[in-house]
Amino acid sequence: MAWLLQFDKSFYPLLSGYSTFCLLSLLPDLRIQTFLKMHLASSNPKSVIVPGGLAPIRRELEEITVRFLHLVNYNKLVFNPYYDTILAKVLQRNETQPPGASETEQ
């Protein structure tokens with residue numbers, strides 16, 4: 001339990017102002033989010049390990065993950081043409097900007 005009190009706040013810079021108690025209450029949420037991000041980034045989702053402390057809800061977490069991945073894939077299929085257009089504009093704008101110039105300067 002001592003490791004909980006020494007939670008590395010620097011890993012989550014936006015949370016550095018919170019108390020240890022508050023961080024402990026956020027820890028399950030952060031672990032679930034990390035698990036979902038690992039699934040999205042993994043080329044082999046079966047190899048992703050359930051984070052410590054979430055074993056009791058493993059089945060529910062896997063069900064939610066499957067639903068989440070279906071939603072992400074559906075989103076990619078439906079909105080990919082829009083994303084491509086937006087990204088092309090952003091990339092084109094970045095190519096025409098002189099090095100070191102920010103968007104607000106133009």
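Arginine 58 has a relative accessibility of 44% and therefore counts as partly exposed; the class covers values between buried (under 20% relative accessible area) and exposed (over 50%), with a 1.4 Å probe and protein chains only. In this predicted model, local features need pLDDT of at least 70 and side-chain atom pairs count only at pLDDT 80 or more, whereas totals for chains, interfaces and linings use all residues. Residues are numbered from 1 along each chain as its sequence is written, and side-chain values use heavy atoms, with hydrogens and water left out.

Arginine 58 is the partner of glutamate 62 in a salt bridge, with 3.0 Å between the closest N and O atoms. The term denotes a side-chain nitrogen of Lys or Arg within 4 Å of a carboxyl oxygen of Asp or Glu. A search of the whole structure finds one such bridge. Both residues belong to helix α3 and are four residues apart, about one turn of the helix. An α-helix has 3.6 residues a turn, so residues three or four places apart point the same way. Glutamate 62 is also partly exposed, because its relative accessible area is 35%.

The protein chain contains three helices and zero strands, in the order α-α-α from the N terminus. Helices (H or I, at least four residues) and strands (E, at least two) are DSSP runs, numbered from the N terminus. Of the 106 residues in the chain, 16% are buried. The accessible surface amounts to about 8,700 Å², and 62% of this area belongs to carbon and sulfur atoms; areas come from the Shrake-Rupley method with a 1.4 Å probe, and for residues only the protein chains shown count as cover. Among contacts (heavy atoms within 4.5 Å) with a separation of 6 or more, 25% join residues 24 or more positions apart.

Helix α3 comprises residues 58-96 and spans only 49 Å between its end C-alpha atoms, whereas a straight helix of 39 residues would span 57 Å at 1.5 Å a residue. The expected span is 1.5 Å times one less than the number of residues. A kink of about 65° is located at phenylalanine 79, shortly before proline 81. The bend at a residue is the angle between axes fitted to the seven residues ending there and the seven starting there.

Leu61, Thr65 and Val72 are the buried residues of α3. Threonine 65 is assigned to this class because its relative accessibility is 3%. Beyond its neighbours within four places in sequence, threonine 65 contacts Phe35, Leu36 and His39. Histidine 39 is part of helix α2, residues 20-41, and is buried because its relative accessibility is 11%. With residues up to four places away in sequence not counted, histidine 39 touches Pro45, Val48, Thr65 and Leu69. Valine 66, in helix α3, is partly exposed because its relative accessibility is 45%.

Leu71, Tyr74, Leu77, Val78, Phe79, Tyr82, Tyr83, Ile86, Leu87 and Leu91 make a nonpolar surface patch of about 1,100 Å². Patches consist of residues with over 30% relative accessible area and no salt bridge, like charges being joined within 9 Å and nonpolar side chains (Val, Leu, Ile, Met, Phe, Trp, Tyr) within 5 Å. Leucine 87, one of the patch residues, is located in helix α3.
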